[in-house]
Amino acid sequence: MMYTIYTIPGSCSSGVVVLLEKLQVEYTAVKREAVPNYSEIVPTNQVPALKTPEGQLITEGAAIALYLLEKHQSDMLPADLSQKAEFLRWLMFDYATLHPAYGKMFAIKFRVQMDEGERTKVLQQLSAAVSGLWAILDRELAQKRFICGDDPTIVDYLATIYTGWGNNFPDIKIELGKNVERLVDEVSALPEFQAAYKKEKIEFKKAV
C-alpha cells in the first residue's frame, strides 16, 4: 500500500512530493487535472491532498506535512518544544504568509479583468510586498545555512518552489536577496528535490 498525492506540478503541492521523496516512502503522484471529479473528492478543488494507505484523505498543505513528519518520525519536526515552535513559525510563514502574497499576484494577473496599465501598477505594488517578505527570510538566512538550522526541511523546499513563481511575472521585479538565492541553489540541487521534480515531469527554473 502507498500514499497518493494529488498535485499541480510546480505548485506548493510539489513541496509535499519532495517531502515524500525525503521520507523514502512509496507514493503515487496524480495531477489534479487527471481526476475528472476532483472537486467531489476535495470540495475546495485545491492541492495538495493526500490519501493515506489506510484510505484517509488529508487536505491543507501544513496539515499534510505535519501528518507525514509525525507518522514517519522525521527529525525535521523537532522534539524540543522551543525548536518545534520555530519550525512551525516558518512552516506557517510559507503556507499562510508567503503563499497568499503570491496568490494575490496570480489573481490579479489571471483572474481579474482590468486595464493592462492598471494591472501592471497593481502587480508592482503587490510585488513590493512579496519582496518585503523575502527580505525577512533573507535576513534570517544571513547566519544560517537553512531556514531552521543546519539541515534542510520542507520549509526550505517550499520557499525554493515559491521563488520560481516569479517567472510568471517576467515584467515585474521581485527581490529575493542573496541569501535566499544561495538557499535556492542548494535546495534545488538536493537529491530529493530533483527526484520529486523528475517524478512530476517538470523542471525547476530559477526566477530571473
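Reply: Let us begin with pockets. On a 1 Å grid over the protein atoms alone, a cavity is a set of points where a 1.4 Å probe fits but cannot get out, whereas a pocket is an open set with protein on both sides within 12 Å along at least five of seven lines; lining residues have an atom within 4 Å of a point. Grid points are joined across faces, edges and corners, and a volume is the space filled by probe spheres set on the points. The largest pocket here holds about 930 Å³ of space. The model is predicted: local features need pLDDT of at least 70 and side-chain atom pairs count only at pLDDT 80 or more, while totals for chains, interfaces and linings use all residues. Residues are numbered from 1 along each chain as its sequence is written, and side-chain values use heavy atoms, with hydrogens and water left out.

Me: Which residues lie nearest the centre of the largest pocket?

Reply: They are Ser11, Cys12, Val47, His99 and Trp165, out of 33 lining residues. Helices (H or I, at least four residues) and strands (E, at least two) are DSSP runs, numbered from the N terminus. Helix 4 (81-110) and helix 3 (61-71) are the elements that give two or more residues to this lining, and helix 4 provides the largest share, six residues. For classes, Ala, Val, Leu, Ile, Met, Phe, Trp, Tyr, Cys and Pro count as nonpolar, Asp, Glu, Lys and Arg as charged, and the others, Gly among them, as polar. The lining of the largest pocket has 16 nonpolar, twelve polar and five charged residues.

Me: What volume does the second largest pocket have?

Reply: Its volume is about 360 Å³. Of its 15 lining residues, Asp75, Met76, Cys148, Asp151 and Thr153 are the closest to the centre.

Me: In what order do the strands of the sheet lie?

Reply: Two strands pair if DSSP finds at least two bridges between them. Here four strands form an open sheet in the order 2-1-3-4, with mixed pairing. Strand 2 (27-31) and strand 4 (57-59) stand at the edges with a single partner strand each, so one side of each is left without a neighbour in the sheet. Strand 1 (residues 3-7) and strand 3 (residues 49-51) run antiparallel and are joined by three bridges; isoleucine 5 stands opposite leucine 50 in strand 3.

Me: How is the packing of two helices read, and at what angle do helix 1 and helix 3 cross?

Reply: Two packed helices are described by the angle between their axes and the distance between the axes. Axes are lines fitted to C-alpha atoms, for helices over the stretch in contact, and angles run from 0 to 180 degrees between N-to-C directions. The axes of helix 1 and helix 3 cross at roughly 5° and come within 11 Å. Helix 1 is therefore roughly parallel to helix 3, a term for angles under 35 degrees; over 145 is roughly antiparallel, 65 to 115 roughly perpendicular and the rest oblique. Contact means heavy atoms within 4.5 Å. Val16, Leu19, Leu20 and Leu23 in helix 1 meet Ile64, Ala65, Leu68 and Leu69 in helix 3; by class, this contact has eight nonpolar, no polar and no charged residues.

Me: Is the peptide bond from valine 47 to proline 48 cis or trans?

Reply: Most residues other than glycine have a negative phi, and most peptide bonds are trans. The bond from valine 47 to proline 48 is cis, with omega near 0°. Proline 48 lies in the loop between helix 2 (38-41) and strand 3. Glutamine 24, although not a glycine, has a positive phi of about 60°; glutamine 24 is in the loop between helix 1 and strand 2.
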